[in-house]
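Take a walk through this fold, from the whole chain down to single residues. Keep the sequence and the coordinates open side by side.

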Amino acid sequence: MKVLKKLIVIILIIVLAASMVIPALASAENMAEALKIQAIGLMAGGAADLRLDECLNRIQGLTFAIRAAGEEAEALSMSSSEVDSILADVIDRDSIPDWANGNAQRYVAYAVKHRYTLGTDVTILPKVKFGPMDPLSGNAFLVFLMKSGMGYKDVTTVNIEKRAVDAGVVTPSQADKYGGNNNINRGDAAGILYNAVMNGVTASGKTLLQSLIDSGFVRRQDALNAGFIIETIG
C-alpha cells in the first residue's frame, strides 16, 4: 500500500511538472516567432513591446492586420475630411480610441472604405458598428488579415477557418485553436502572422511574403536574416 501511495505521488509530481513545462515551451515558441515577425516590420517596436500575453481588442487587431498587409502608410495618409466622411456611417465612432494624430480613426475608416470589415452587426448595413474596444476573436483577425493583406474579399467569419487553411494562413490545428477563441492575445496574433508569412498564399497565387517584398514593405534581406527565406548554393 505504501509503495502504491508513493507511486501515485510520483505520478502527480510528473503531471504537475509537465503542465508547467508545456506552457513555458509554447511561450518560448511564440516569442521566437514574434521576434521574427517584428524583424520584418509586421509588429512594431522592440522585444519589450511585444507583450504577448496581452489580449487584443478589435482596433488593435485591425491595426496588426493593416500593418501586416503593408498598407499602414496608405491608411495613415488619409485626409481628415475623408476619414470624417467615412466615419459618418460608423455608429460607434465615439468609441474609437484617441490615438496620436487620429491614427485609430484612420485605421477604422480605411477598413470600412475597403470593406475589410462590415462591423459586428450586418443587419444595420450600410451603417457600421465596429466595436473597437470589443475582444478580438480569432476568426475576426483572420478575416481582417485575409481581406486586407491577401485579397480574399469574400471571406467571412462563417467560412474563414476553411479558407484560411486552404490558403496556408493557418494549419488545421491552428484553425481549431484560434477559430474557437473569442479573445486572442498578441502571442496568438504573432503565431498566425508567422504561419501566414511562412506558408500563406494570396488570392492572386503569390505567397504573402513575396507580395510584401514586391510592395517594398518588407526588405528581402530582412526576411532572409529572419529565416523566412532559405538560400541554397547552386
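Start with the contacts (heavy atoms within 4.5 Å). In the protein chain, residues 24 or more positions apart account for 63% of the contacts with a separation of 6 or more. This is a predicted model, in which local features need pLDDT of at least 70, side-chain atom pairs count only at pLDDT 80 or more, and totals for chains, interfaces and linings use all residues. Residues are numbered from 1 along each chain as its sequence is written, and side-chain values use heavy atoms, with hydrogens and water left out.

The secondary structure comes next. The protein chain has eleven helices and zero strands. Helices here are DSSP runs of H or I with at least four residues, strands are runs of E with at least two, and numbering starts at the N terminus. The pattern along the sequence is α-α-α-α-α-α-α-α-α-α-α. Of the 234 residues, 43% count as buried. Buried means under 20% relative accessible area, exposed means over 50%, and partly exposed lies in between (1.4 Å probe, protein chains only).

Now look inside. The largest nonpolar core holds 66 residues. Such a core is a set of buried Ala, Val, Leu, Ile, Met, Phe, Trp, Tyr and Cys residues joined through side-chain atoms within 4.5 Å. L62, F141, M146, V169 and F228 touch the most other members. In soluble globular proteins, nonpolar side chains tend to be buried together.

Which helix is largely enclosed by the rest of the structure? The helix is α6, because eleven of its eleven residues are buried. They are G138, N139, A140, F141, L142, V143, F144, L145, M146, K147 and S148. The cover over these buried residues includes α2, α7 (160-166), α8 and α9.

Turn to helix packing. Two packed helices are described by the angle between their axes and the distance between the axes. Axes are lines fitted to C-alpha atoms, for helices over the stretch in contact, and angles run from 0 to 180 degrees between N-to-C directions. Helix α4 (residues 80-87) packs on helix α5 (residues 103-113) at an angle of about 60°, with the axes 9 Å apart. The crossing of α4 and α5 is left-handed. That term applies if the near helix is turned anticlockwise from the far one by less than a right angle; clockwise makes a crossing right-handed. From α4, the contact draws on S80, E82, V83, I86 and L87; from α5, on Q105, R106, V108, A109, V112 and K113. By class, the contact of α4 with α5 has six nonpolar, two polar and three charged residues. Here Ala, Val, Leu, Ile, Met, Phe, Trp, Tyr, Cys and Pro count as nonpolar, Asp, Glu, Lys and Arg as charged, and the others, Gly among them, as polar.

A second pair follows. The axes of α8 (residues 172-179) and α9 (residues 186-199) come within 12 Å and cross at roughly 150°. The two helices are therefore roughly antiparallel to each other. Angles over 145 degrees count as roughly antiparallel, under 35 as roughly parallel, 65 to 115 as roughly perpendicular, and the rest as oblique. α8 passes α9 in a left-handed crossing. Q174, K177 and Y178 in α8 meet D188, G191, I192 and N195 in α9. This contact of α8 with α9 divides into two nonpolar, three polar and two charged residues.

The loops remain. N57 sits between α1 (2-39) and α2 (58-68). N57 counts as buried, at 11% relative accessibility. Setting aside residues up to four places away in sequence, N57 touches P132, M133, D134, P135 and L136. S95 lies in the loop between α4 and α5 and counts as partly exposed, at 39% relative accessibility. Its contacts outside four places in sequence are P132 and M133. S95 and M133 are 38 residues apart in sequence, yet 7.4 Å apart C-alpha to C-alpha.

End in the loop between α5 and α6, where R115 is found. R115 has a positive phi of about 60° although it is not a glycine. R115 is exposed, with a relative accessible area of 52%. P126 lies in this loop between α5 and α6 too. A cis peptide bond joins L125 and P126, with omega about 10°.
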